[in-house]
Amino acid sequence: MKHLLENLFSERHRLTARRRAMAVLHEVCRNHERLNLFADGAPREMPSILLDVDEDAGTVVFDIPPQVEGVEWDQRDPVLAVARYEGVFVGFELDDIEPVAWNGAQALQATLPPRVYYLQRRQYFRVPVASGDVSAVVLVRQGAAAVNARCHDLSAGGMRVLVAPVSGDFPLRAGELLQELRFQLKGTALQTAARIQHVDQPVQLPNGKSLVPLGLEFCDKSFAFDQAVVRYVQQRDRDLLSGRA
């Protein structure tokens with residue numbers, strides 16, 4: 001667990017867009033996801049749930065965990081909170097903790113977390129897409145014509161696509177930032193910025209034509225985009241394991 005906390009609460013996993021960070025907190029609250037609280041001096045993690053997220057007041061409310069030796073909530077020491085939902089670890093710090101009345105019962109209130117951390121447990125786990133699940137993928141380039149591609153496999157962090165060799169424009173290269181990546185996932189239109197991570201050797205098709213595999217990394221994903229892709233990857237993985245695919 002120590003390794004998880006060190007990994008999760010690192011700058012590379014911090015959500016830099018406040019709007020998305022708040023959306024994640026609201027999702028954890030709305031779904032009544034279990035919180036694991038980690039306080040200095042506590043011999044073990046403590047279970048709780050997030051009861052309310054009030055952006056206007058700048059506070060969150062959470063359930064009082066079972067009494068644990070060495071933890072006094074009126075000390076208001078910062079506490080690390082970790083939730084898990086839909087294959088994602090979410091972490092944030094609870095500070096300025098104090099008792100509060102909540103719907104006729106006692107609860108704890110803390111200041112709205114200034115930072116939220118988001119760690120995809122299977123960030124690089126890829127699934128082959130089923131026929132018809134993903135439409136043609138459009139790669140919108142900067143200073144060059146858009147390129148149509150075919151999705152081969154998909155993960156929460158990116159996708160692998162196949163494209164025809166580019167002619168008439170500068171070639172696709174690793175590191176190129178795509179202005180936009182557009183596709184439909186089971187009928188839902190999705191778009192995000194992306195970066196070409198690698199360009200592989202062309203593969204020869206039976207008809208004599210060749211296609212170039214590209215590894216794409218999603219950039220500046222919206223919360224809705226991320227959740228749509230995560231849900232698909234998890235469901236597709238379950239279908240493959242169960243033999244339904």
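Helices (H or I, at least four residues) and strands (E, at least two) are DSSP runs, numbered from the N terminus. V24 sits in helix 2, residues 18-30. The structure is a predicted model: local features need pLDDT of at least 70, side-chain atom pairs count only at pLDDT 80 or more, and totals for chains, interfaces and linings use all residues. Residues are numbered from 1 along each chain as its sequence is written, and side-chain values use heavy atoms, with hydrogens and water left out.

V24 has 0% relative accessibility and therefore counts as buried (under 20% relative accessible area; exposed is over 50% and partly exposed is in between, with a 1.4 Å probe and protein chains only). R20 lies over the face of Y118, 4.7 Å from the ring centre; the rule asks for NZ of Lys or CZ of Arg within 6 Å of the ring centre and within 35 degrees of the ring normal.

Rings of Phe, Tyr and Trp (its six-membered ring) pair if their centres lie within 6.5 Å; planes under 30 degrees apart count as stacked, over 60 as edge-to-face and the rest as tilted. The count comes to three aromatic pairs, including these two:

| Pair | Centre to centre | Between planes | Type |
|---|---|---|---|
| F9 and Y117 | 5.1 Å | 55 degrees | tilted |
| F183 and F225 | 6.0 Å | 80 degrees | edge-to-face |

F183 is in strand 13 (residues 177-185) and F225 in helix 3 (residues 223-242), so this pair ties together parts 42 residues apart in sequence. F183 is buried at 4% relative accessibility, and F225 is buried at 2%. Ring pairs join F183, F218 and F225 into a cluster.
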